[in-house]
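Please work through the following exercises with the sequence and the structure side by side. Each one sets a task and is followed by a solution that goes step by step.

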Amino acid sequence: MTYELHYWPTIQGRGEFVRLALEAAGAAYVDVARGDDAAGQGLPAMQKLLLDRQQPHPPFAPPFLKDGVLLIGQTATILQHLGPTLKLVGRSDAARVWTQQIQLTIADMVTEAHDTHHPIASSLYYEDQQPEALRRAAVFCRERLPKYLRWFEAIIARNPAGTRHLVGGKLSYADLSLFQLVEGLRYAFPRATQAVLAGTPGVLALHARVAALPKLKAYLASPRRLPFNQQGIFRQYPELDIV
């Protein structure tokens, strides 16, 4: 079965966390909003499904995934749904719950990274809230970024199955998401992130292992992998990269 992924076509954003799981597993999927309008895809197709008043379980916002009759929103929930089928989560209840807990913590950090450049409202331009952004970024870079990355380092070190993965002894969607988080942080806060990563070798090693996965390596080198830009979650404002 071919999955239908719905997300904004010009940014990585939160949809990229789902895309990485699909790509790493070699799953068949259609990136609907990036498709051709004439073929019944593109933004109109995504908007039609998003705004369908007959849909009993409407997603709040992209990303959302269509899997047969199921329509699933929220990045962490999509990954929780895909995990068993794509073999990106352990079989035990304990492994699945722990993987989802890590994923939700990653989601928390993604939100905090976004809120450095839009601390007041997403509807305002960055320039309209720059003083607040500077204050928010200082706290993020000096307090929150180290706290999060050191937590990931600790759970890698404490993994009973070894330090190659976050959960158990095999690749999970949490590993893929941590890779994407590090990528985004390096883009948005290169100096602050590098300073913290110098003290988290386990996170760095996991990031390198994920990047070297054959299917993922091919995806990262392909045009399907959009570059980071100033419209996504992770944005590069040098003045917010506070060490």
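**Exercise 1.** Find which residues of H1 are buried, and state what covers them.

*Solution.* In this predicted model, the buried residues of H1 are Gly15, Glu16, Phe17, Val18, Arg19, Leu20, Ala21, Leu22, Glu23 and Ala24. That makes 10 of the 11 residues of the helix, so that H1 can be described as mostly covered, given that buried means under 20% relative accessible area. The next step is to look for the cover, which includes the strands E1 and E2 together with H3, H6, helix H4 (93–117) and helix H9 (214–220). Just past the end of H1, the backbone at Gly26 takes a positive phi of about 70°.

**Exercise 2.** Work out the strand order of the open sheet, and place the helices H1 and H3 on it.

*Solution.* The sheet is open and has 4 strands, which follow one another in the order E2-E1-E3-E4 with mixed pairing. Its edges are formed by strand E2 (29–31) and strand E4 (70–73), each of which pairs on one side only. From one strand to the next, the twist averages 20°. Helix H1, made of residues 15–25, packs on this sheet and touches E1 and E2, with a direction that makes about 155° with that of E1. Helix H3, made of residues 75–86, lies across E1, E3 and E4 and runs at about 125° to E4. Within the sheet, strand E1 (residues 3–6) and strand E3 (residues 64–67) pair in the antiparallel sense over 3 bridges.

**Exercise 3.** Determine whether His6 is buried or exposed, and list the residues that it touches.

*Solution.* Begin with the place of His6, which is in strand E1, and with its bridge partner in E3, which is Phe64. The relative accessible area of His6 is 2%, and because buried means under 20%, His6 counts as buried. Leaving aside residues up to four places away in sequence, His6 touches Val32, Met46, Leu49, Pro62, Pro63 and Phe64. One of these contacts, Val32, is 26 residues apart from His6 in sequence, yet the two C-alpha atoms are 5.5 Å apart in space.

**Exercise 4.** Describe how H8 packs against H6 and against H5.

*Solution.* Take H6 (residues 173–188) and H8 (residues 201–211) to begin with: their axes are 9 Å apart, and the helices pack at an angle of about 105°. Angles of 65 to 115 degrees count as roughly perpendicular, and therefore H6 and H8 are described in that way. On the H6 side, the residues in contact are Asp175, Leu176, Leu178, Phe179, Val182, Glu183 and Arg186, and they meet Val203, Leu204, Leu206, His207, Val210 and Ala211 in H8. By class, this contact has 9 nonpolar, 1 polar and 3 charged residues.

Turning to H5, its axis and that of H8 come within 8 Å and cross at roughly 80°, and this pair is therefore roughly perpendicular as well. Here Leu149, Phe152, Glu153 and Ile156 in H5 meet Pro201, Gly202, Val203 and Leu206 in H8, a contact with 6 nonpolar, 1 polar and 1 charged residues.

Technical notes: Residues numbered from 1 in each chain as written. Predicted model: local features only at pLDDT ≥ 70, side-chain atom pairs only at ≥ 80, totals over all residues. Heavy atoms only, no water. Pairing = 2+ DSSP bridges. Helix = DSSP H or I, 4+ residues; strand = E, 2+ residues; numbered from the N terminus. Axes fitted to C-alpha atoms, helices over the stretch in contact; angles between N-to-C directions. Contact = heavy atoms within 4.5 Å. Parallel < 35°, antiparallel > 145°, perpendicular 65-115°, else oblique. Nonpolar A, V, L, I, M, F, W, Y, C, P; charged D, E, K, R; others polar. Buried < 20%, exposed > 50% of the residue type's maximum accessible area, 1.4 Å probe, protein only.
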